[in-house]
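User: I am new to reading protein models and would like to go through this one step by step. Could we begin with the overall layout and then look at the details?

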Amino acid sequence: MTRIAYLPITIIAVALAVSGGNAMSAQDKNTVQVPNGLGFSDFKGYEDWQTIAVSQTTAENHELIEVILGNPAMIETYKDGFPGNGKPVPDGAKMAKIHWNAKKSAEAPSHATVPDTLHDIDFMAKDSKRFSATGGWGYAQFNYDTATDAFTPLGTGAACGYACHNIVKAKDYVFTAYPKR
């Protein structure tokens, strides 16, 4: 009878040990960074930043939904009239772009497209001294793997987005507009 009484306790202890082990082995995304460049730790709190805009794109033969977020310095820059005011984005401004795979909503009556699984997260940071060779901006992209719940850096460093963003040099390398609210 004593053995039977200890069996539930043993099962619970084993379950807690296994789940605790899984939690401890989960990736700390704040340790991930692109080679010689930016990392998640440079963008702590991005999840709470204000929305600049949303968009939809196609990549790798599937549709993505994205939200572009700005830290308070970037939002203030937009509110001050960027890019129409002709002033550059100040050092310290940061942006994050979160991409999700798109899917059709099973509940919405209007055939709405909604986010599904996370695809990747991109970051931009303005620091004229640190990133002088790339128009003052540093870039980072982190692809997300749903199977492992982990991020991996894409690209060769903080300059990885410069070639793409160079086509909007006149707008201080920023594609995203701040639409009327």
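Predicted model: local features only at pLDDT ≥ 70, side-chain atom pairs only at ≥ 80, totals over all residues.

User: In what order do the elements of the protein run from the N terminus on?

Analyst: The secondary structure of the protein comes to three helices and six strands. Written from the N terminus on, the order of these elements is α-β-β-α-β-β-β-β-α.

User: Which residue of β6 is the bridge partner of Gln141?

Analyst: β5 pairs with β6, residues 150-154, in the antiparallel sense over five bridges. The hairpin of β5 and β6 has four residues between the strands, and Asp149 in its turn has a positive phi of about 55°. Within this pairing, the β6 partner of Gln141 is Leu154.

User: Which residue in β5 stands opposite Asp120?

Analyst: β4 and β5 are joined by seven bridges and run antiparallel. In β5, the residue that stands opposite Asp120 is Asn143.

User: Why do the buried residues of α2 line one face of the helix, and within what arc do they fall?

Analyst: In α2, which covers residues 72-79, the buried residues are Met74, Ile75, Thr77 and Tyr78, where buried means under 20% relative accessible area. On the other side of this helix, Pro72 and Lys79 are exposed. An α-helix has 3.6 residues a turn, so residues three or four places apart point the same way. Seen down the axis of α2, its buried residues line one face because they fall within an arc of 155°.

User: Which strands do the buried residues of α2 pack against?

Analyst: After α2 comes Gly81, which has a positive phi near 110°. The buried residues of the helix itself pack against four strands, namely β1, β2, β3 and β5.

User: Which element supplies the largest share of the largest nonpolar core?

Analyst: This core has 21 residues, of which Phe40, Tyr46, Ile121, Phe123 and Phe142 touch the most other members. At least two residues of the core come from each of β2, β3, β4 and β5. The largest share, four residues, is supplied by β4.

User: Which residues does Ile121 touch, leaving out those up to four places away in sequence?

Analyst: A contact here requires heavy atoms within 4.5 Å. With those sequence neighbours left out, Ile121 touches Phe40, Tyr46, Lys97, Ile98, Ala140, Gln141, Phe142 and Phe151.

User: How many residues are in the second, separate core?

Analyst: Among the members of this second core are Tyr78, Trp137, Tyr139 and Tyr178.

User: Which element gives the largest share of the lining of the largest pocket?

Analyst: The largest pocket holds about 470 Å³ of space. Its lining is made by 23 residues, and those nearest its centre are Lys97, Asp122, Met124, Tyr139 and His165. Two or more lining residues come from each of β2, β3, β4, β5 and α3. The largest share, four residues, comes from β3.

Methods:
Residues numbered from 1 in each chain as written. Heavy atoms only, no water. Buried < 20%, exposed > 50% of the residue type's maximum accessible area, 1.4 Å probe, protein only. Arc of directions from axis to C-beta. Core = buried A, V, L, I, M, F, W, Y, C linked by side-chain atoms within 4.5 Å. Pairing = 2+ DSSP bridges. 1 Å grid on protein atoms, 1.4 Å probe; cavity = no way out; pocket = protein on both sides within 12 Å on 5 of 7 lines; lining within 4 Å. Points joined across faces, edges and corners; volume = space filled by probe spheres on them.
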